[in-house]
Amino acid sequence: MSSSSSSKALIKTLIKNPTRIRSKHQAKQLHAQFLRTQSLSHTSASVVISIYTNLKLLHEALLLFRTLESPPVLAWKSVIRCFTDQSLFSHALSSFVDMRASGRCPDHNVFPSVLKSCTMMSDLRLGESVHGYVVRLGLGCDLYTCNALMNMYAKLQGMGSKISAGKVFDEMPQRILDGETMSNALPSGIDSVRKVFELMPRKDVVSWNTIIAGYAQSGMYEDALRMVREMANEDIKPDAFTLSSVLPIFSEYVDVKRGKEIHGYVIRKGIDADVYIGSSLVDMYAKSARIEDSERVFSHLLRRDSISYNSLVAGYVQNGRYNEALKLFRQMVTAKVRPGPVAFSSVLPACAHLSTLHLGKQLHGYVLRGGYSDNIFIDSALVDMYSKCGSIKAARKIFDRMNVHDEVSWTAIIMGHALHGHGHEAVSLFEEMKLQGVKPNHVAFVAVLTACSHVGLVDEAWGYFNSMTEVYGLNPELEHYAAVADLLGRAGKLEEAYDFISNMRVEPTGSVWSTLLSSCSVHKNLELAEKVAEKIFAVDSENMGACVLMCNMYASNGRWKEMAKLRLRMKKLGMRKKPACSWIEFKDKTHGFVSGDRSHSSMERINEFLEAVMEQMEKEGYVADTSGVLHDVDEEHKRELLFGHSERLAVAFGIINTEPGTTIRVTKNIRICRDCHVAIKFISKITEREIIVRDNSRFHHFNHGSCSCGDYW
DNA sequence: GTAGGGTTAG
C-alpha cells in the first residue's frame, strides 16, 4: 500500500526534475514504476523517452517510442536530438520528415539538431527549406536556431543550390531585410551567414564565434579579425573557440608577433592547455619557422589528441626535419593515439624526402588496414612518396586506381615521371590533365617544365612557359624561370640561358645562376662560368656550391693558380666542402657511405667486389674518366679516389647483400659523378641488376648497360 | 548551436 503511494510520489518528483536521473539504472526503474502503477500515457511515455535520450540511451528510447501510435512532440524531439547526438544524421532527418507528415508542429528546441544533421549530411537544399519553415513559424529570432543556421551556411559553402539560398530571404518581409536591396548576385554561403547574423536580435559568444570561423574558413581574414574587434566592443570576451579560429589566420600571414600576443592572452586566461588552442599555436609557430616554440607548446599540453600530434608532425615536415617527424609519428602510435587520415598525408612527404621506401610501404599498409583508401590527399601523397622513393611503377598504379584526380594528384604523377626521366610521358599526362578540364596551377607548370628540362624538350617548354601568361593568366615565378634556365643550360644553349636569366622579370637568385653554372661545367665553358660565378658571388658571396664547381673547373683546365686562390678564400670564410654521401636501405635499416670513408663493417667485401667487377669492366672497355677529380694528384691516385666514391660503395654494398636480380636503390645527396654514371652502367650489365640512383635532381635507372636518362643530365 | 592539423615544387 504505502509502497505504491510513495512510488507515485517519487514519480512526481522525478518528473518535475528529470535531470535528477543520472544513470541508466534509475531511468529503467522509473520506466518500470510507470508501467507498474498506471498504464503508460502518451505524455508520461514521452517524459521517459526524453529521460532516456538525455542519457544518450537511444536503444531504450526507440523501443518505447515505437510503441506509441501517435507520438507527441516531446517524444519526436527527443528522438531526433538523440539521433543527431549519435551521429545518425539521416535517421534524424527522416524522423523530422515523419514528424511533420504526422501533423505535429516542431518547436524551437528541435531545429538546432535538424540543422546540424543537414550540415553533416551536406544537404543544403533540405537545410534551406528548414530555414524557410523556421521563418514561417516565426522562430527566425531564436538564438540557438540562428547559430545552427549560420553554422550550416558556413560549412556548406559552395555545395551548389545557391539559387534557393536566396529564396529564404526573399520570403521575408522586405523591411526585415533593412532596406537592403537583394542584388541579382546570388548570396554565397558566407553572405547567408552574415544575413542571419545581422537579423539576430540577441547574439551570444557562440554566434560571434560561428561567424568568425565562417569568415576565417572562407579566407576572409580581415573580416574575421574585424568581427573579433567588434565583439570585444560589445563586451563579449573572446574564448578558446574564438582564438582557435583566429590563430590559423596568423599562421597564414606568418605573423608571429600577433600570434604571440594571442599566446600571451591565452596564458593569462588560463586556456593555454586547451587542445584546440595548443594545436593552433604549434602550427602557427611551425609556419613561422619557429619549430622550437612549437615543441615547447606541445610539451606543455596536458592532453594530446591526434591533431595535436599531427600539428607538430606537419610542422617538422614543413621545416625539413623529416627524421623528427617520423619519430614523433611513431611516438603517437606508441601512445595509442590513433592517427587520423590527415596524419598520413603529413608524414608521407617525410618518407618521400628521405627516400625511405620501406617506411613508406609500412605507412601504405597502415593506410589500407585503417580503411583510409580513397582519400585524395593520402593518395596524392602516396603517389609522390612512391615516385620519390624510386618506384614510379607503384606510384602510377595508385594514380591509375584513383577515382578522381585533382591538380595536385596530376602534378604529383607528372613530376614523378619527370624525375624518372620519362619526359614525354609527363608531357602527355599534362595534356591529358588539361583535356579532362583540370586547370594547371603554378606547381603543375613547374612539373611540366621540369619534365621538358630533363629530356631536352626546348620547344615544348617555351610553349608551356608562354601559355602560362597567355592562356592561364599565371605570372611565372622564380621556379618557372629557374626551370627554363636550367633547360636551356642543359641543352647547351648557354648564352641563351645567360640572356634569359639576365632579363627575368623576377630578381634571379644565386640558385638560378647556379643551375647555369653547373651547365657551364657540364659543357666545359670556363669563360662563361666565370661570368656566371661573379653573378652568384654578387648576391651570395658564400655560395659554397659555386666555389666547389669553380674549383672543379679550374682543376680540369689545369688552372691551379686560380683554384688555389679560390680554395684560400673558401678556407678564410670557413667553408668546408659538403661531403658527398649515398644511402641504401637494407633489412629495414639505412646504410650511409661517405666518399672515401672506409669505416663500414663490410668494407673489405665491398672492395673485393669492386676490384673483381672492375677487372671485368676494363675488359669490356671501361676507361676511368678522371677529369672530374678536383684534387691535384697523379692519375693513379685519381682512379683510387673515384673507386671510393660513395655511390659506388653503396651500389656494391647492395649487390653483395641481396639476391641476384634484386633491384638496387641508392640515394645520393649531390649530383651523381660522371665517371660513376659510366661505371654503374657497366656494373648493371655485368651483374644483370636494375640499379636506381636518386641524386639531388632526378632518378637514374641503370639497366642492361644503359641509363634511363640517355646520358642527358 | 561554435574551434585546431593535410597532399603537388625547389
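Colleague: Which residues is Asn151 in contact with, once we leave aside its neighbours within four places in sequence?

Modeller: Thr119 and Thr210. "Contact" here means heavy atoms within 4.5 Å. Before we go on: residues are numbered from 1 along each chain as its sequence is written, while chains are lettered from A and ligands numbered from 1 in the order in which they are written. Also, this is a predicted model, where local features need pLDDT of at least 70, side-chain atom pairs count only at pLDDT 80 or more, and totals for chains, interfaces and linings use all residues, while side-chain values use heavy atoms, with hydrogens and water left out.

Colleague: Got it. Why is Asn151 called partly exposed?

Modeller: We use relative accessible area: under 20% is buried, over 50% is exposed, and partly exposed is in between (1.4 Å probe, protein chains only). Asn151 has 26%, so it counts as partly exposed. Asn151 sits in helix H9, residues 143-155.

Colleague: Is Ser245 buried or exposed, and how do you know?

Modeller: Ser245 has a relative accessible area of 14%, so it is buried. Ser245 is part of helix H14, residues 240-253, and apart from neighbours within four places in sequence, Ser245 contacts Ile212, Ala213 and Ala216.

Colleague: What about Ala395, buried or exposed?

Modeller: Buried, because its relative accessible area is 0%. Ala395 belongs to helix H23, residues 392-401. Not counting residues up to four places away in sequence, Ala395 touches Val383, Tyr386, Ser387 and Ile413. Ile413 is 18 residues away in sequence from Ala395, and their C-alpha atoms are 7.2 Å apart.

Colleague: And why is Asn403 called exposed?

Modeller: Asn403 has 64% relative accessibility, so it counts as exposed. Asn403 lies in the loop between H23 and helix H24 (407-419).

Colleague: Which residues of helix H20 are buried, and what covers them?

Modeller: H20 spans residues 341-354, and its buried residues include Phe344, Val347, Leu348 and Cys351. Among the elements covering the buried residues of H20 are helix H19 (322-334), helix H21 (357-369) and strand S4 (691-694).

Colleague: What makes a group of residues a nonpolar core?

Modeller: The group has to be buried Ala, Val, Leu, Ile, Met, Phe, Trp, Tyr and Cys residues, joined through side-chain atoms within 4.5 Å. The largest one has 182 residues, and Phe111, Ile212, Leu516 and Val532 have the most contacts inside it. Helix H32 (residues 544-556) gives this core its largest share, nine residues. A second, separate core has 34 residues, including Leu642 and Phe653. As for Phe111, its contacts beyond four places away in sequence include Phe96, Tyr133 and Leu137.

Colleague: How does chain A's radius of gyration sit against that of a compact globule?

Modeller: The radius is taken over C-alpha atoms, and the globule rule is 2.2 Å times the number of residues to the power 0.38. For 713 residues, a compact globule would be near 27 Å, but chain A has 34 Å. Its C-alpha atoms fill a box of roughly 115 × 60 × 50 Å along the principal axes.

Colleague: And how many of the 713 residues count as buried?

Modeller: In chain A, 50% of them.

Key:
Helices (H or I, at least four residues) and strands (E, at least two) are DSSP runs, numbered from the N terminus.
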